[in-house]
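Student: I have not seen this structure before. Can we go through it by question and answer?

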Amino acid sequence: MEQLLQEEYNKLDECERSSLEKFNIINNIIQIKLDNIPNQGYNNDITIDIKKMINYHIQVGEEAPLNYDSIKAKKFGEMISIFPIKDKLLLIDYFLRQLEKSAFKNEIKEFQKLKSELTLRNSISTFSLNSFLNIIILFPLHNIFFLLVTVLFIGFLTGIILLPEINPFFGVLDFKLNYTQIAENKFINHFLNVCGYLSGLDDDFLKPLNSTTYASIIIGKFIMFIYVSCLIVNKLTEYIKR
């Protein structure tokens, strides 16, 4: 196997080869190393080979005609799947830096999405404050459906907090709920009133009875407004740029 790798490296050193030929050769080297873990450090570490492949791939894209098949983030994601999350993100960051130098706008979006997906998956599988913050920020940005789910979850969580039967802040927050009869079921009616309050349709639903509750509502509404507005603006900007 080492002899085969060395032959490929020798081909790579031939100056007269085109960028496409060098890309295919380095791709062969990477595939051989991926299939033979003991040889991944032969000549140089496989991550160095991947960086070379990235550079050759971009050169091929710059030299190719307009209908050239673009650089696919999905294929790259499959190639680096064997690496730890830290190495994956470092390689993606390297790819993004090279793409930005050559102004590959569509490809940059694909790789930014790939980076977000990997970070989100890793955050879901681990438990820490940083992971929790990543989930809050990245989950709703994944697509419009996830954004809708996030908004509905916020409404549901607020409804749970405001349920008089299980109010976890009893003794600290003091408030009165003025229900509008919308549905016959008590809990459905409660959550519909909460949604109406959060959307600004019924500002009289929640009446604070002390200064702590009043301040908490102001802070909560401010955070909610900034959070949801940033998410919506981010997604709209992304679709407009397309």
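Student: What percentage of the residues in the protein chain is buried?

Tutor: This is a predicted model, and the protein chain in it has 242 residues. A residue counts as buried when its relative accessible area is under 20%. The share of buried residues in the chain is 35%.

Student: Which pattern does the protein chain follow along the sequence?

Tutor: The chain holds 10 helices and 2 strands. Read along the sequence, these elements give the pattern α-α-α-α-α-α-α-α-β-α-β-α.

Student: Is serine 19 buried or exposed, and why?

Tutor: Serine 19 has its place in helix α2. Leaving aside neighbours within four places in sequence, serine 19 is in contact with Tyr56, Gln59, Val60 and Glu63. Its relative accessibility is 11%, and because the limit for this class is under 20%, serine 19 counts as buried.

Student: Which residues of the largest nonpolar core touch the most other members?

Tutor: In soluble globular proteins, nonpolar side chains tend to be buried together. The largest nonpolar core here has 35 residues. Those that touch the most other members are Ile30, Ile50, Met53, Ile54, Phe76, Ile92 and Phe111.

Student: Which helices each supply at least two residues of this core?

Tutor: The contributors lie within stretches that begin with 2–12 and end with 105–125. By name, they are α1, α2, α3, α4, α5 and α6.

Student: With which residues is methionine 53 in contact, leaving aside its neighbours within four places in sequence?

Tutor: Methionine 53 is among the core members that touch the most others. With the sequence neighbours left aside, its contacts are Phe23, Ile26, Asn27, Ile30, Phe76 and Met79.

Student: How many residues has the other core that lies apart from this one?

Tutor: Its members include Tyr197, Phe205, Leu206 and Ile217. The count for this other core is 9 residues.

Student: Which residues lining the largest pocket are the closest to its centre?

Tutor: The largest pocket has a volume of about 1,100 Å³. Its lining is made of 33 residues. The closest to the centre are Ile154, Leu157, Thr158, Gly220 and Met224.

Student: Which element gives the largest share of that lining?

Tutor: Two or more lining residues come from each of α7 (129–138), α8 (144–162), α9 (186–198) and α10 (211–241). By class, the lining has 24 nonpolar, 7 polar and 2 charged residues. The largest share, 12 residues, comes from α10.

How values were computed:
Residues are numbered from 1 along each chain as its sequence is written. This is a predicted model: local features need pLDDT of at least 70, side-chain atom pairs count only at pLDDT 80 or more; totals for chains, interfaces and linings use all residues. Side-chain values use heavy atoms; hydrogens and water are left out. A nonpolar core is a set of buried Ala, Val, Leu, Ile, Met, Phe, Trp, Tyr and Cys residues joined through side-chain atoms within 4.5 Å. Buried means under 20% relative accessible area, exposed over 50%, partly exposed in between (1.4 Å probe, protein chains only). Helices (H or I, at least four residues) and strands (E, at least two) are DSSP runs, numbered from the N terminus. Contact means heavy atoms within 4.5 Å. On a 1 Å grid over the protein atoms alone, a cavity is a set of points where a 1.4 Å probe fits but cannot get out, and a pocket is an open set with protein on both sides within 12 Å along at least five of seven lines; lining residues have an atom within 4 Å of a point. Grid points are joined across faces, edges and corners, and a volume is the space filled by probe spheres set on the points. Ala, Val, Leu, Ile, Met, Phe, Trp, Tyr, Cys and Pro count as nonpolar, Asp, Glu, Lys and Arg as charged, and the others, Gly among them, as polar.
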